[in-house]
Amino acid sequence: AGAEAVVIFNDGASPAREGLIVGTLVPSVVTIPVVGASFADGVTLAQPGSTGQVRVLPSETRTDYNVIAEKRGTYRDNVVMSGAHLDSVGAGPGINDNGSGSAALLETALQMAKVKPVNTVRYAWWGAEESGLLGSTAYVQGLSQAEKDRIALYLNYDMVGSPNYVLTIYDADTSTFPAPAGVPIPEGSAAIEALYEGFYTSVGQPYDDAQYSGRSDYQAFILAGIPSGGLFTGAEGVKTAAQQAVWGGTAGAQYDPCYHLACDTYANNNNAALDVNSDLIAYAALTYAYSTEPVNG
Ligand code: PHE
Ligand code: ZN
Ligand code: ZN
Ligand code: ZN
């Protein structure tokens, strides 16, 4: 609410450059002298001695939605949940982040029409992830304890086709998230990680760990003690030489050079990564549709 300020630098640069300040601000327009301004990567934003105009826009309230779909199995009280966020940042169309996870999950859900699951399968396409995990947090926090207890596990797919990809699995063993609260990764999450590892091995794909960073929609599920897992092919991080040796691509470049940018279009997608991960998303959903025993005992 009233929380975004666009800063436009009037130093004659063309095109004019602007940045975003996020905080609690009162709508106003203020001209300020520029002492110095640069991005961390050394790009100069504005010349010292010029002025900048700070515009605080009026607050705006919007309604957003989660899309939830469920197919009942024989067991109504053992729910296998998979989710992907459907929203993107305002800067671009969000095809890798997160059309990739959303599309793979949609195809899996459609194919689920062909089977009669033992467990109940539920799919979530989350709203407002980019605004602070709002959709998934509201969903989990809105469940009664009895409803939470019915969810056997949650599988998260956010960025699964990065152009300069690595194949990583959220790591239940060594992740320290969420460190400040000291909340452990729920028991059973390691079995989900093992299922993903087994699939990659069976199709001859190398994999590595990803940390539970608290940056995607699994967070509310972990805080609620629900076993969780997921796949990730990389965002703004930079590929190492060792990773290039394993997966190819470009060392020294971001896993997704168009992360949160206008160029996150259909061209910003690696079909090999999306292909293997789509198969794995379907494999995990189908496996757990029949039994969650390795996860829940
Ligand atoms: N959730 C982040 C986003 O949508 C991406 C991300 C996913 C980052 C998983 C780290 C781990 O921008
Ligand atoms: Zn994002
Ligand atoms: Zn995302
Ligand atoms: Zn591990």
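Which helices and strands do the buried residues of α7 pack against? Keep that in mind while you get your bearings; the answer comes at the second stop. One caution before you click anything: this is a predicted model.

**Stop 1: the whole protein**

Start with everything shown as a cartoon. Buried residues make up 37% of the 297 residues. Now think about who touches whom. Among contacts between residues at least 6 apart in sequence, 78% join residues at least 24 apart.

**Stop 2: helix α7**

Select residues 271–290, which form helix α7. At 1.5 Å a residue, the 20 residues of α7 should span 28 Å, and the end C-alpha atoms are 29 Å apart, so the two agree.

Next, colour the buried residues of α7, among them Ala 273, Leu 274, Asn 277, Ile 281, Ala 284, Ala 285 and Tyr 288.

The buried residues of α7 pack against strands β8 (75–85), β9 (119–126), β10 (151–157) and β13 (228–232), and against helices α1 (95–111) and α4 (189–202).

**Stop 3: the largest nonpolar core**

Stay with α7 and bring in the core. The largest nonpolar core has 53 residues, and Val 80, Leu 153, Tyr 154 and Tyr 157 touch the most other members. Helix α7 gives the most to this core, with 9 residues. As background, nonpolar side chains tend to be buried together in soluble globular proteins.

Zoom in on Val 80. Beyond its neighbours within four places in sequence, Val 80 is in contact with Asn 119, Val 121, Ala 152, Leu 153, Ala 285, Tyr 288, Ala 289 and Thr 292.

**Stop 4**

β8 and β10 pair in the parallel sense over 5 bridges, and one pair to click is Met 81 with Tyr 154 in β10. β10 also pairs with β13 in the parallel sense, over 4 bridges. There, the bridge partner of Asn 156 is Gly 230 in β13.

**Stop 4: strand β3, for contrast**

Jump to residues 28–33, strand β3, which is hardly covered: of its 6 residues, the count of buried ones is 0. β3 runs antiparallel to strand β6 (residues 51–56), and 6 bridges join them. Click Val 30 and look across to its bridge partner in β6, Val 54.

**Stop 6**

Select α1. Its buried residues include Ile 95, Asn 96, Asp 97, Asn 98, Gly 99, Ala 104 and Leu 105. They are covered by elements including β8, β9, β10 and α7.

Now look closely at the backbone between Asp 97 and Asn 98. A cis peptide bond joins them, with omega about 10 degrees. Most peptide bonds are trans, and most residues other than glycine have a negative phi.

Ala 128, in the loop between β9 and α2 (134–141), has a positive phi near 55 degrees. Ala 128 counts as buried because it has 20 C-beta neighbours inside 10 Å. Met 159 sits in the loop between β10 and β11 (168–170), and its phi is positive too, about 70 degrees. With 27 C-beta neighbours inside 10 Å, Met 159 is also buried.

**Stop 5: ligand 1**

Which residues are around ligand 1? Select Asp 97, Glu 129, Glu 130, Asp 158, Met 159, Ser 213, Arg 215, Ser 216, Phe 232 and Ala 235. This shell divides into 3 nonpolar, 2 polar and 5 charged residues. You have already met Asp 97, at the cis peptide bond, and Met 159, with its positive phi.

**Last stop: Tyr 200**

Finish in helix α4, where you will find Tyr 200. Is Tyr 200 buried or partly exposed? It counts as partly exposed because it has 18 C-beta neighbours inside 10 Å. Away from its neighbours within four places in sequence, Tyr 200 is in contact with Leu 167, Gln 205 and Tyr 207.

Conventions:
Residues numbered from 1 in each chain as written. Chains lettered and ligands numbered in written order. Predicted model: local features only at pLDDT ≥ 70, side-chain atom pairs only at ≥ 80, totals over all residues. Core = buried A, V, L, I, M, F, W, Y, C linked by C-beta atoms within 7 Å. Buried ≥ 20, exposed ≤ 12 C-beta atoms within 10 Å, placed from the backbone. Helix = DSSP H or I, 4+ residues; strand = E, 2+ residues; numbered from the N terminus. Contact = placed C-beta atoms within 7 Å. Pairing = 2+ DSSP bridges. Expected span 1.5 Å × (residues − 1). Near = placed C-beta within 6 Å. Nonpolar A, V, L, I, M, F, W, Y, C, P; charged D, E, K, R; others polar.
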